[in-house]
Amino acid sequence: MSDHKATVIDGKAIAQTIRSEIATEVRRLSETYGKVPGLAVVIVGNRKDSESYVNMKRKACAEVGIKSVDTNLPEDVSETELICRVHYLNVNPDVHGILVQLPLPKHINEEKVLTEIALEKDVDGFHPMNIGKLAMKGREPLFVPCTPKGCVELLKRSGITIKGKKAVVVGRSNIVGLPVTLLLLKEDATVTVVHSGTKEPESIIREADIIIAAVGQAMMVTIASPCPYCLHNECN
Ligand SMILES: Nc1nc2c(c(=O)[nH]1)N[C@@H](CN(C=O)c1ccc(C(=O)N[C@@H](CCC(=O)O)C(=O)O)cc1)CN2
């Protein structure tokens with residue numbers, strides 16, 4: 001078991017610093033090239049949680065000067081119509097990034113839709129090519145999924161060395177668990193993934209220097225209290 005003391009990371013302060021850095025960069029881009037970065041945020045249906053995440057993203061865009069191109073589609077939109085909208089955004093010169101909020105309604109094939117997003121606008125990093133490059137040694141994806149990137153950024157900006165650390169990721173979702181595992185590997189951590197099929201997860205978690213909890217179950221990581229660096233995300 002590790003004998004470090006727990007470190008509380010001030011995520012809000014770090015987020016504020018990052019936002020002001022982005023605002024400066026957006027201003028520089030606008031002044032130098034006369035172009036305002038545009039982010040298309042696409043939401044399908046009326047899930048309250050998705051609406052709330054999308055509103056936060058749109059608000060964050062406004063705060064830093066990114067133009068948010070809002071696309072709200074009804075729950076019963078067809079897969080073809082949604083893909084048509086993605087194609088339209090792919091060729092729209094005012095749109096530099098496209099984000100399709102997940103989950104999509106059951107009648108829509110998520111994989112098919114995500115694969116249609118132009119690689120260079122895939123700001124979520126969910127396109128199979130971007131995820132594939134994240135998984136490969138010596139390759140760099142154009143974009144990395146934001147929650148995993150946020151976890152690593154929080155650690156780095158808090159002065160925590162990742163290289164050589166024993167990291168345990170709880171959960172293996174496409175959105176957080178899997179990409180954060182790949183990202184930590186790229187940072188030279190020794191990574192173990194604990195999931196629903198893991199036997200005696202407690203014993204693995206107790207040995208960790210860094211824990212990233214990415215499961216939809218509150219209190220899942222209370223067993224992990226001895227870990228010095230524990231980031232908690234319960235969206236998946
Ligand atoms: N297109 C996308 N869809 C979805 C994503 C995504 O990254 N791109 N992620 C989730 C939803 N989501 C953002 O959209 C999201 C949900 C939850 C969190 C998170 O960090 N939650 C924290 C609490 C944070 C807080 O309340 O201050 C936690 O649960 O511990 C981040 C992102 C699915 N869809």
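How many bridges join strand S1 (residues 38-44) to S3, and do the two run parallel or antiparallel? Four bridges join them, and the strands run parallel.

The model is predicted. Strand S3 comprises residues 97-100 and is covered on both faces. Gly 97 and Leu 99 are buried on one side, while Ile 98 and Val 100 are buried on the other.

## The nonpolar core

Ile 98 also belongs to the largest nonpolar core, which has 53 residues. Together with Ala 167, Val 170, Ile 211 and Ile 212, Ile 98 is among the residues that touch the most other members. Strand S1 gives the most to this core, contributing six residues. Because domain 1 (1-19 + 33-118) and domain 2 (145-232) both give residues to the core, it lies between them.

## The annotated span

An unreviewed UniProt entry assigns residues 9-124 the annotation "domain: Tetrahydrofolate dehydrogenase/cyclohydrolase catalytic". In the model, this span is 52% helix and 16% strand, and its end C-alpha atoms lie 24 Å apart.

## Helix H6

Helix H6 (residues 146-157) has 12 residues, which at 1.5 Å a residue should span 16 Å; the end C-alpha atoms are 16 Å apart, in agreement with this expectation. Its buried residues include Thr 147, Pro 148, Cys 151, Val 152 and Leu 155. These five are on the same side of H6, because they cover an arc of only 140 degrees around the axis. Gly 159 follows H6 and has a positive phi, near 75 degrees.

Methods:
Residues are numbered from 1 along each chain as its sequence is written. This is a predicted model: local features need pLDDT of at least 70, side-chain atom pairs count only at pLDDT 80 or more; totals for chains, interfaces and linings use all residues. UniProt positions are given in the numbering used here, feature names are shortened, and annotations may be inferred rather than shown by experiment. The expected span of a helix is 1.5 Å times one less than its number of residues. A residue is buried if 20 or more other C-beta atoms lie within 10 Å of its own, exposed if 12 or fewer, and partly exposed in between; C-beta atoms are placed from the backbone. The arc is that of the directions from the helix axis to the C-beta atoms. Two strands pair if DSSP finds at least two bridges between them. A nonpolar core is a set of buried Ala, Val, Leu, Ile, Met, Phe, Trp, Tyr and Cys residues joined through C-beta atoms within 7 Å. Domain bounds come from an automatic or database domain assignment.
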